[in-house]
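Good morning, and thank you for coming. Please look at the sequence and the structure as I speak.

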Amino acid sequence: MNSNPTLSHALCETDMALVRAMLQDDKPNMESLTVVGRLFSRYTGVAHDSPAAEILEGLHECLHKWDMTRSELNTACFKIWNSGWRPGQLEDELTVGSGAT
């Protein structure tokens, strides 16, 4: 798939709000890691002068703040998805037992 250098994605405003929220996290959780991974997939390849480029810059800032590479992010996302976690699911739900006695 070729990148579109003039991409101005319809979700730019919403996604920028997500990036700003992720930049508030000193330590990423499953939700923030998968959000950043998803947005990298959406915005990789945008032109540096497009409105979406600001989002890509913010995503790189997240990785820098979290001391991660893109490869490490991809690996973390892969492990998260393979664990059965899904967006909106509380991380505590994955570690709590069935409650059976």
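Let me begin with a definition: helices (H or I, at least four residues) and strands (E, at least two) are DSSP runs, numbered from the N terminus. By that rule, the protein has four helices and zero strands, and its pattern along the sequence reads α-α-α-α.

Two remarks on the source are in order. This is a predicted model, in which local features need pLDDT of at least 70 and side-chain atom pairs count only at pLDDT 80 or more, while totals for chains, interfaces and linings use all residues. Residues are numbered from 1 along each chain as its sequence is written, and side-chain values use heavy atoms, with hydrogens and water left out.

I turn now to the interior. A residue is called buried under 20% relative accessible area, exposed over 50%, and partly exposed in between, using a 1.4 Å probe and protein chains only. Of the 101 residues of the protein, 33% count as buried.

Which residues touch the most other members of the largest nonpolar core? They are V36, Y43, L59 and L73, in a core of 25 residues. Such a core is a set of buried Ala, Val, Leu, Ile, Met, Phe, Trp, Tyr and Cys residues joined through side-chain atoms within 4.5 Å. Helix 1, helix 2, helix 3 and helix 4 (70-82) each supply at least two residues of this core, and helix 2 gives the most, with six residues.

Consider V36 in particular. Setting aside neighbours within four places in sequence, V36 is in contact (heavy atoms within 4.5 Å) with M22, L59, C62, W66 and L73.

Finally, the charged pairs. Side chains of opposite charge can pair when their charged atoms come close. The structure holds two salt bridges, each defined as a side-chain nitrogen of Lys or Arg within 4 Å of a carboxyl oxygen of Asp or Glu.

In one of them, the side chains of D15 and R42 meet at 2.6 Å, N to O. D15 lies in helix 1 (residues 12-22) and R42 in helix 2 (residues 30-43), so this pair ties together parts 27 residues apart in sequence. D15 is buried, at 2% relative accessibility, whereas R42 is partly exposed, at 26%.

D26 forms a salt bridge with K65, with the closest N and O atoms 3.5 Å apart. Because D26 lies in the loop between helix 1 and helix 2 and K65 in helix 3 (residues 53-65), the pair ties together parts that are 39 residues apart in sequence. Here D26 is exposed, at 63% relative accessibility, and K65 is partly exposed, at 36%.
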